[in-house]
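Dear colleague,

I am handing over the structure below, together with notes on what turned up when I went through it.

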Amino acid sequence: YAYYPYRTDFFDILATDQLDTTVESAETFFSGYLKNKEIATSYIDADVCVGAGTLDKGTLSFTLNHCLSVIELVPKEGLMKVGYYLKSDPEYQWGNKEQEIYISAVKVKDGENFIQKNGSYYYFFKPKSGGGELAVSYKLNEIPEETTINVSGLGAGCAISQIVGPENTDQTIEHVLQVGDFFMNDGGLKPFDATLTDEDKMNCIGIVFQTDVDRIGEGEKEALKSKGVKPHALVMALKEGGSARSWHDLPNPNETDESHIDNVKNITELYEDIEGYAHNKGIWQKEDLVKYPAFVLAQNYEAKLPENKTTEWFIPSTGQWWDIVKGLGKCTAFDELKAEKPLVGNYTIENKELTVTTLVNLNEQLRKVGNPYIKEFNESSNAQIHTSSEGVHNAKGWTTINMVFQPSYGKLMFYPDGKNTGRPIRCILAF
């Protein structure tokens with residue numbers, strides 16, 4: 001019996017005691033060799049031929065026959081147009097741009113003897129009577145896809161070629177909106193579990209933290225309605241809005257009580273205050289806006305917005321910070337406190353592990369975007385961040401309420417504070 005192509009390491013692949021000289025065919029004789037996954041180190045090695053020889057007067061004559069079938073999988077090339085829409089609102093669309101087709105990671109499921117050569121992929125396999133189908137997986141511009149290829153009637157020594165890629169080069173893809181999705185500067189979204197390209201990171205402007213439309217304020221809804229947009233979600237900015245600024249610049253006790261902002265007096269009211277946009281808008285319309293440095297900072301936040309798809313950037317209210325902590329921080333401690341004591345005026349959670357874990361969770365999606373586009377939450381140092389809400393009256397006058405992270409003390413809280421203390425802001429928007 002003879003085989004081709006010849007290999008110097010044949011007996012490393014198949015030990016002598018695995019060869020049975022009593023069998024009646026070359027294919028059976030070499031069956032152990034043909035099953036071995038390691039024969040396919042090259043295209044030529046994979047195309048195994050075997051045959052039985054005859055000896056006549058010192059001359060060995062034999063005919064070699066191909067043992068395997070082969071399918072050539074050719075990655076599709078060219079351009080495709082891809083558009084996206086929200087499953088919850090098919091009218092909300094983005095993309096629809098031409099892009100190069102990029103096919104990668106082509107593989108026959110559970111396949112062996114799989115060779116890549118000159119940009120194409122080759123799969124050698126033993127034909128089966130009755131034919132059948134091969135299941136093929138691949139990635140289309142990094143998105144996993146699957147297809148099947150009919151190999152009925154393909155015998156040993158036969159080959160077919162098949163293009164791998166989309167039949168339809170004008171695609172519309174449904175997007176299911178979820179907390180953690182990446183919001184882009186064209187109004188588009190990338191899935192929360194996506195691997196972002198360098199271009200994606202550069203174009204990302206925020207992270208979705210709330211998708212419950214009932215938790216979007218009436219002010220946000222009115223602003224979106226004026227642009228012909230339905231409300232869908234709230235998005236947290238990737239960075240803080242510059243250096244620390246005061247909420248209002250009058251010295252304490254500050255007796256300025258904003259008539260358009262309801263005063264938060266207990267944890268239920270703190271949760272229910274989701275009117276961040278209305279709070280900001282009412283202050284932006286003041287003639288003495290310069291006396292509200294933090295709100296001026298929010299109004300000038302630098303991240304580019306898509307045209308007619310969002311509100312402006314604004315300072316979130318207490319209820320909206322609650323949703324950031326719950327949605328991106330994955331912390332339900334304030335929910336539990338409210339359920340237990342709905343009228344309590346102390347908004348403090350004392351749990352060091354929980355506080356640090358919440359900060360780590362808040363940074364999870366930010367880190368997928370990475371520097372220089374983000375400002376992480378500090379997981380070891382204490383921080384107070386402005387909300388746009390107002391609190392109770394005390395020795396400091398009418399107070400604002402800060403979102404406070406104190407990992408060193410193991411505290412997570414909302415804290416009534418004097419309005420003229422400089423604090424950073426982290427803006428949000430609605431779309």
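Strand β2 (residues 49–51) and β5 run antiparallel and are joined by 2 bridges, where strands (E, at least two residues) and helices (H or I, at least four) are DSSP runs numbered from the N terminus, and two strands pair if DSSP finds at least two bridges between them. Cysteine 49 has histidine 66 in β5 as its bridge partner. These strands belong to an open sheet of 3 strands in the order β1-β2-β5, with antiparallel pairing. Because β1 (2–4) and β5 (65–66) each have a single partner strand, they stand at the edges, and one side of each is left without a neighbour in the sheet.

Before going further, please note that this is a predicted model, in which local features need pLDDT of at least 70 and side-chain atom pairs count only at pLDDT 80 or more, while totals for chains, interfaces and linings use all residues. Residues are numbered from 1 along each chain as its sequence is written, and side-chain values use heavy atoms, with hydrogens and water left out.

Elsewhere, strand β7 (residues 79–86) pairs with strand β8 (residues 89–100) in the antiparallel sense over 8 bridges, and the two form a hairpin with 2 residues between them; leucine 86 has aspartate 89 in β8 as its bridge partner. β7 is also joined by 6 bridges to strand β15 (residues 170–175), and this pair runs parallel, with valine 82 standing opposite glutamine 171 in β15.

Turning to the helices, α12 (residues 352–369) has 18 residues and reaches 27 Å from its first C-alpha to its last, close to the 26 Å expected at 1.5 Å a residue, the expected span being 1.5 Å times one less than the number of residues. Glycine 370, whose phi is positive, near 80 degrees, follows α12.

Finally, aspartate 200 lies in helix α5 (residues 198–203) and is buried, with a relative accessible area of 12%. Leaving aside neighbours within four places in sequence, aspartate 200 is in contact (heavy atoms within 4.5 Å) with Met184, Lys190 and Thr195.

Note on methods:
Buried < 20%, exposed > 50% of the residue type's maximum accessible area, 1.4 Å probe, protein only.
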